[in-house]
Amino acid sequence: MKFNTKAIHGNQHPEPTTGAVMPPIFQTSTYIQKSPGNHSGYEYSRGANPTRTALEYALASIENGTQGLAFGSGMAATDAVLKMLNPGDEVIAGSDLYGGTYRMFTRIYGKYDIRFHFVKGNAASKFEEKINSKTKLIWLETPTNPLLQIIDIQAVCEIAKAHGILVAVDNTFASPYNQRPLDLGADIVMHSATKYLGGHSDLIAGALITKDEELAENLYFQQFAGGGILGPQDSFLVLRGIKTLAVRMQRHAENAIRISEFLENHPKVNSVFYPGLKSHSGYEIASKQMKTPGGMLSFNLKSGKKEDAFQLLENLNVITLAESLGGVESLANHPATMTHASIPQEVRKENGISDDLIRLSIGIEDVEDILQDLEDALNLI
């Protein structure tokens, strides 16, 4: 079954009692038992809920996994992965990663004697250099947030497997339409389903997918015991969002390619970070492991001034200045003061997150309107 069909039908079944094509929202906390321990497969909705189960089946299908788990947020999903670690374990991650992930790594799990090594650059060999006998997990983002670096997932996974190390990939920026890390050797895929999977900026959700039975059992235990589950209403909304994922991602990428080319040639723009540009250092790897370059890009200004970045952002009309990404509407973000503000300033600067960096989540509007909005705002600088 090809992806567009799988997004709509993969692992999906009509509700058996009524024949409803879309799973109903089972707004219930508990389920009747015929006798103690004799039930229909559902006991208490922290353990399982039919609406969430339907979503989890769909998540597994679109990532080519065997088990999907839906969480209350992407951070709750990330938390479940880290809870499998023990004091003394070590984790390797890229230095360019979401600010909330960095915050969880350093400020929550760091105090439990779990050590994190941050790799600067995207070469697989850089990750190998950090491996030691205590390394238990490699955490990848690709494309990275916010600089859109590309990491060769297969190359890192081959290195990790040789050392018996798990690899988890945050696939939020790419989405399963563009990239399926499990097929490239990853053990776990994480999504902030708030973003492209939901697709309409109307929910908060997270997801984990694996095809390893032992890992699936461990992750389910973390979900059940920790309680960071997704409710039935939001499960329904993510499931609905997945149905249109393919057509949305196609339009996101079409628009992003046009906009990245416009920005690359604009006299007031210094650098554009988008893996669909041939000038991008990760262009070849992205072409190999992604279907399209996706809908995310970032750029910085020729002036290098924070106040110019603010002026541009304050004068956008079609593009909305807001947190998050992956919705049908275009969103603009200033990483240094918004999504990555929790990273210390000196670390941000070391990693290339300058005060004039602007991140765009390109929506599915008519691209001419987005281009005109950017042109008008740039002309005010």
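1. The lining of the largest cavity in this predicted model is made up of two nonpolar, six polar and two charged residues. The residues concerned are Gly94, Ser95, Asp96, Val119, Lys120, Gly121, Asn122, Thr144, Gln149 and Ile151. Val119 and Ile151 belong to this lining and count as nonpolar, while Asp96 and Lys120, which also line the largest cavity, count as charged.

2. How many cavities of 30 Å³ or more does the count give? The count comes to two, and the second largest cavity holds about 30 Å³ of space.

3. The second largest cavity has a lining formed by Ala93, Gly94, Asp96, Leu97, Trp139, Leu140, Glu141, Thr144 and Ile151, and these residues divide into five nonpolar, two polar and two charged. Gly94, Asp96, Thr144 and Ile151 are named in this lining and are named again in the lining of the largest cavity.

4. Which strand gives the most to the lining of the second largest cavity? Strand E4, which spans 135–141, gives the most, with three residues. Strand E2, which covers 90–94, likewise supplies at least two residues of this lining.

5. Turning to the open sites, the largest pocket has a volume of about 410 Å³. A total of 26 residues line this pocket, and the closest to its centre are Tyr98, Ser192, Thr194, Lys195 and Ser324. By residue class, the lining of the largest pocket divides into ten nonpolar, ten polar and six charged.

6. Which helix and which strand each supply at least two residues of the lining of the largest pocket? The contributors are helix H3, at 74–82, and strand E6, at 188–192. Ser192, which is listed with the residues closest to the centre of the largest pocket, falls in the range given for strand E6 (188–192).

7. The second largest pocket contains about 320 Å³ of space, and its lining consists of 15 residues, of which Glu15, Pro16, Tyr42, Pro50 and Ala54 lie nearest its centre. The lining of the second largest pocket divides into nine nonpolar, five polar and one charged.

Methods. Residues numbered from 1 in each chain as written. Predicted model: local features only at pLDDT ≥ 70, side-chain atom pairs only at ≥ 80, totals over all residues. Heavy atoms only, no water. 1 Å grid on protein atoms, 1.4 Å probe; cavity = no way out; pocket = protein on both sides within 12 Å on 5 of 7 lines; lining within 4 Å. Points joined across faces, edges and corners; volume = space filled by probe spheres on them. Helix = DSSP H or I, 4+ residues; strand = E, 2+ residues; numbered from the N terminus.
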